[in-house]
Amino acid sequence: MTVQWKGDGPGLLLQLDRGTPRQLGHQLQEKLRTAIRTGALRPGERLPSSRGLADQLGISRGLVVDTYAQLYAEGYLVSEVGSGTRVAERAEATAPARTTPVDHPSPRFDVDFEYGIPDLASAPVRDWVWALGDAARLAPATLMGDEPDRGDPRLREVLAAYHRRVRAGASVAERTIVTTGFRHALTLVLATLAQHGVDCVGLESPGPRDHDRIAERFGLRSVPVPVDEEGVEVAALSASGARAVVLTPAHQCPTGVALSPGRRQELVAWAEQVDGFVIEDEYDSEFRYDRQPVGSLQGLAPERVIALGSVSKTLAPGIRIGWIFAPPTIVDGLVETKALTSRGAPALDQLALARLMESGRYDRHLRRMRTTYQVRRDALIDAVNEHLPALRLTGLAAGCHAVLRLPSGADEAAVVAAAAQRSVAVRGLGDYRMDDVGAAEPGLVMGFGNVNESAIRRGVRVLADVISDPRQG
Ligand SMILES: Cc1ncc(COP(=O)(O)O)c(C=O)c1O
């Protein structure tokens with residue numbers, strides 16, 4: 001069936017194939033969307049009345065009314081009393097322009113050893129879709145309302161139980177707060193501690209980048225605390241005047257050391273002594289290869305340790321769910337800060353994460369990824385042994401990154417720049433040092449989570465060329 005429809009504009013040829021009313025409705029919607037996207041129907045242009053179009057096409061008026069209603073809801077059309085139905089002014093700009101997957105910008109580097117990126121191609125999308133479907137089936141109507149303070153109750157139960165079981169934590173749902181990731185959690189904690197009179201926070205050096213800037217945003221001074229082969233130096237922390245410290249104890253970012261048992265005890269004693277808090281970033285605790293799992297510090301001193309976690313490394317950073325296991329003294333403050341600064345995390349996704357964990361699919365994914373990362377880590381070790389036999393890799397027992405120690409006196413920045421010239425991205429240890437505090441030996445932080453084995457070998461070959469070039473010092 002073909003109809004030449006004459007509107008205000010140049011007119012539109014609509015062709016529909018006969019089918020069921022449902023198929024006809026879908027066809028009509030798609031034809032109109034395409035006409036708007038391609039400019040065949042222009043912004044402001046008036047559409048025929050529903051009765052008129054139904055008559056022309058020989059279809060029921062209800063079908064046209066439903067089609068207009070759908071396109072109105074999608075933002076393609078506007079409808080005003082007295083002027084009928086028109087194409088929305090910004091319809092072309094706002095309309096979803098394609099149904100094929102959206103391309104992300106192509107990578108700038110052939111090999112990117114950036115720290116902290118999990119294997120994005122292995123994100124468990126199918127399991128996540130299953131979990132969302134299951135969550136939608138289970139969801140009470142109230143789920144679509146405002147988030148209960150602290151987050152979805154079922155997810156909080158599941159997270160706390162998981163933490164007790166897998167990380168020897170001492171968490172309870174009552175003191176578990178859902179966030180949109182670690183970074184959100186950290187901002188809530190720092191803002192709340194500032195309210196509790198904490199004015200200075202210790203940060204590992206070398207340590208995660210940007211934490212000093214985050215602390216500053218919340219009016220907190222930050223002091224760098226050096227890290228050695230046992231983790232953060234507690235004596236230096238004691239001397240710093242800080243009353244809180246942010247740590248990555250399971251696999252220190254970026255050196256990869258695990259906090260030693262002695263330091264764990266010293267830290268807890270320090271926190272008691274200064275009436276302070278340890279903020280434990282549980283990042284990387286899930287992936288370990290040659291050593292026994294290390295329990296959460298929070299399990300040792302739940303009144304003093306605020307444990308923060310997220311699924312950014314275990315599932316994918318794009319999922320954006322994290323949590324806080326809070327000590328009793330600050331839980332109300334955290335809940336208040338959260339309520340004042342956000343309305344929480346997406347409800348269905350929270351329930352989906354609970355379902356993923358309850359169903360065993362989360363653990364299955366972790367087991368699979370542990371193997372993937374171990375194979376990549378071994379490929380890195382082999383490539384360094386082959387191409388850079390004189391250099392040492394450290395921090396290999398867990399996680400998705402290691403540190404390649406450069407010859408003492410090597411110019412780290414020159415190596416990084418020369419590698420980038422050859423399309424290999426890597427950061428120097430210096431990028432993670434605050435105010436030049438912490439051991440200054442040169443090194444490269446090699447993230448291998450999102451780099452496959454052949455890319456690892458290619459990248460290491462380039463690094464070997466660059467490092468052996470006498471011009472790199
Ligand atoms: C040290 C560290 N902790 C935690 C995270 C996870 O942050 P988020 O959950 O906000 O993605 C990252 C991300 O790269 C990180 O580098």
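Strand β7 (residues 200–205) and strand β10 run parallel and pair over three bridges. Strands here are DSSP E runs of at least two residues, helices are H or I runs of at least four, and both are numbered from the N terminus. Two strands count as paired if DSSP finds at least two bridges between them. This is a predicted model: local features need pLDDT of at least 70, side-chain atom pairs count only at pLDDT 80 or more, and totals for chains, interfaces and linings use all residues. Residues are numbered from 1 along each chain as its sequence is written, and side-chain values use heavy atoms, with hydrogens and water left out.

**Strand β10 and its partners**

- Leu203 has Val246 as its bridge partner in β10.
- β10 also pairs with strand β11 (residues 277–281), in the parallel sense, over four bridges.
- In that pairing, Val245 stands opposite Val278 of β11.

- β13 covers residues 322–325.
- Gly322 and Ile324 point one way from β13, Trp323 and Phe325 point the other way, and all are buried.
- Strand β6 (residues 176–179) pairs with β13 in the antiparallel sense over four bridges.
- Val178 stands opposite Trp323 there.
- Strand β12 (residues 305–310) and β13 are also antiparallel, with four bridges.
- Ser310 has Gly322 as its bridge partner in β13.

**The ligand site**

- Residues surrounding the ligand include Tyr115, Gly181, Phe182, Pro208, Asp281, Tyr283 and Ser310. The cut-off is a heavy atom within 4 Å.
- Arg183, Ser312 and Arg320 surround the ligand too.
- A backbone N or O atom of Arg183 lies 3.0 Å from a ligand oxygen atom.
- Ser312 places a polar side-chain atom 2.6 Å from an oxygen atom of the ligand.
- For Arg320, a polar side-chain atom lies 2.8 Å from a ligand oxygen atom.
- Taken alone, the ligand exposes 400 Å², and the protein buries 81% of that. These areas come from the Shrake-Rupley method with a 1.4 Å probe.

Terms used: Buried < 20%, exposed > 50% of the residue type's maximum accessible area, 1.4 Å probe, protein only. Polar contact = N/O pair within 3.5 Å; in protein donor to acceptor, adjacent residues only side chain to side chain.
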